[in-house]
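Take a short tour of this protein. The report starts at the ligand, then moves on to charged pairs, the surface and the backbone.

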Amino acid sequence: MSSKLKWIDEELQSLKDSGLYNEIRTLGSPQGAWLVVDGKRVLNFCSNNYLGLANHPHVVSAAKEAMDKYGVGPGAVRTIAGTMELHLELERRIAKFKRVEDAITFQSGFTANTGTIPALMGKEDMIFSDALNHASIIDGCRLSGATIKRYGHADPASLETVIKENKGNYRRGLIVTDGVFSMDGDYPPLDKLTEIAEKYDLILMVDDAHGEGVLGEGGRGIVDHFKLHGKVDIEVGTFSKAFGVMGGVVAGDAKIIQWLRQRGRPFLFSSAVTVPDVAATIASIDLLEESTELVDRLWANAATFKGEMESMGFDTGKSMTPITPVMLGSAKLAREFSRKLYEENVFAMALGYPTVPVGQARIRVMISAAHTDDDIAQALKAFEKVGKELEVI
Ligand SMILES: *Cc1c(COP(=O)(O)O)cnc(C)c1O
């Protein structure tokens, strides 16, 4: 047998030996507060379904109705024959919801980043990137060929130092940051970043994947939260998290959006999003525009959970949002904690190195508006029991 792929066996074994091999769990139910995972019914604290929209009746029926009218597949890329009326309606609706000039949609948040950054930045340019930015931002930066300079996480002073150090060394510059950072649930002081962007005449881009549907008035995102409309050039977003569907979006300055329709490679060379995805996303926007009830419920659930966890003596880190890390330190302890929670029918993920720094392993609890008071109470009981058993509290 040929040995050209033997390295894969060795690499896989090494992942298994170091406890880093991904064991992928399988759902036998729709997304929701409760899931059937590998045949077992568990309380779900793992998904990004912040508002419970992934299986909302209004969203599901909108997808079905649209399929009766338009079918399923788009049949082409957006720039050839794949742009349907629905795609344009979604772009108008999301731009209005986000209170920006215009918007363009992509197949995912990931392709939104890898399409946008290389369309704006090239070899002679420089990107100032937060040290903890998402993998899709990092890949977009690398694809652009620009020089990448990291600055300290959510630290405007560090950003300004790095900019000054590189003064005159580039043609165009871009500052790029996550909105909400998904491992800690914190967000940067975006108001300070806009001041720096203005002072040094840099493009400012924020990837608000975990902020949309969560932060700002009725879930309009981090720019709305800080009231910085018109001061952030580009907001990247995803429809796969709070919106409960699939797809990516870039919202902001009309000129930039017009440019991306010409030069965003996944827009030109990868087919349009499917009909049910687009219709379902429009239905999610309907729900968010009609009422702030779901967003309010999300924050109320998060406040209850965090407050009770802290009074039991757990450390919930730097979280400023419904993403609640439960800091445990050692990766082994975090894995054991997660396993014991699962025995109590609570599904919450342990995260260790290299996803988070060494010695900062944690359980990450994803709160949702779909959780009832009873669900939250049951989770708190399980955390208390396991926390005492493992002598964390
Ligand atoms: C989840 C996430 C993405 C990817 O979004 P998808 O639509 O799932 O591809 C991009 N950026 C950030 C910050 C994310 O958290």
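## The ligand and its contacts

Start with the side chain of H210: one of its N or O atoms lies 3.1 Å from an oxygen atom of the ligand. The protein covers 87% of the 380 Å² of accessible area that the ligand has on its own. Keep in mind that this is a predicted model.

S240 also reaches the ligand through its side chain. There, an N or O atom is 3.1 Å from a ligand oxygen. G109 uses its backbone instead: a backbone N or O atom sits 2.7 Å from an oxygen atom of the ligand.

## The shell around the ligand

How many residues surround the ligand? The number is 14. The closest are G109, F110, D207, T238 and K241. Sorted by class, the shell has 9 polar, 3 charged and 2 nonpolar residues.

## Salt bridges across the chain

Side chains of opposite charge can pair when their charged atoms come close. A search of the whole structure finds 23 salt bridges. One of them joins the side chains of E289 and R93, with N to O at 3.1 Å. This pair links distant parts of the chain. E289 is in helix α12 (residues 275-290), R93 is in helix α4 (residues 85-98), and the two are 196 residues apart. Are these two residues buried or exposed? R93 is buried, because its relative accessible area of 18% is under the 20% cut-off. E289 is partly exposed, with a relative accessible area of 29%.

A second salt bridge joins R261 and D102, whose closest N and O atoms are 3.3 Å apart. R261 is partly exposed, at a relative accessible area of 25%.

E389 and K385 form a salt bridge through their side chains, at 4.0 Å from N to O. Both residues lie in helix α15, residues 373-389. They are 4 residues apart, so about one helical turn separates them. E389 counts as partly exposed at 43% relative accessibility. K385 counts as partly exposed too, at 41%.

Salt bridges can also join up. R99, E217, D224 and K227 are linked in a network of them.

## A buried arginine

R78 lies in helix α3, residues 78-82. Is R78 buried or exposed? It counts as buried, because its relative accessibility is 8% and the cut-off is 20%. The side chain of R78 makes a polar contact with the side chain of E91, at 3.0 Å.

## A nonpolar patch on the surface

Now look at the surface. L5, W7, I8, L12, L15, L20 and Y21 form a nonpolar patch there. Together they have about 600 Å² of accessible area.

L15 is one member of the patch. It lies in helix α1, residues 6-17. L15 is partly exposed, with a relative accessible area of 33%.

## Backbone exceptions

Most residues other than glycine have a negative phi, and most peptide bonds are trans.

Where is the cis peptide bond? It joins Y353 and P354, with omega at about 10 degrees. P354 sits in the loop between β12 (349-351) and β13 (361-366).

R99 has a positive phi of about 60 degrees, although it is not a glycine. R99 lies in the loop between α4 and β3. It is partly exposed, with a relative accessible area of 36%. R99 also belongs to the salt-bridge network with E217, D224 and K227.

A154 has a positive phi as well, near 55 degrees, and is a residue other than glycine. Its place is in the loop between β5 (147-151) and α7 (156-165). A154 counts as partly exposed, at 21% relative accessibility.

Technical notes
Residues numbered from 1 in each chain as written. Predicted model: local features only at pLDDT ≥ 70, side-chain atom pairs only at ≥ 80, totals over all residues. Heavy atoms only, no water. Patch = residues over 30% accessible without salt bridge, like charges linked within 9 Å, V, L, I, M, F, W, Y side chains within 5 Å. Areas by Shrake-Rupley, 256 points an atom, 1.4 Å probe, with all protein chains shown as cover. Buried < 20%, exposed > 50% of the residue type's maximum accessible area, 1.4 Å probe, protein only. Near = heavy atom within 4 Å. Polar contact = N/O pair within 3.5 Å; in protein donor to acceptor, adjacent residues only side chain to side chain. Nonpolar A, V, L, I, M, F, W, Y, C, P; charged D, E, K, R; others polar.
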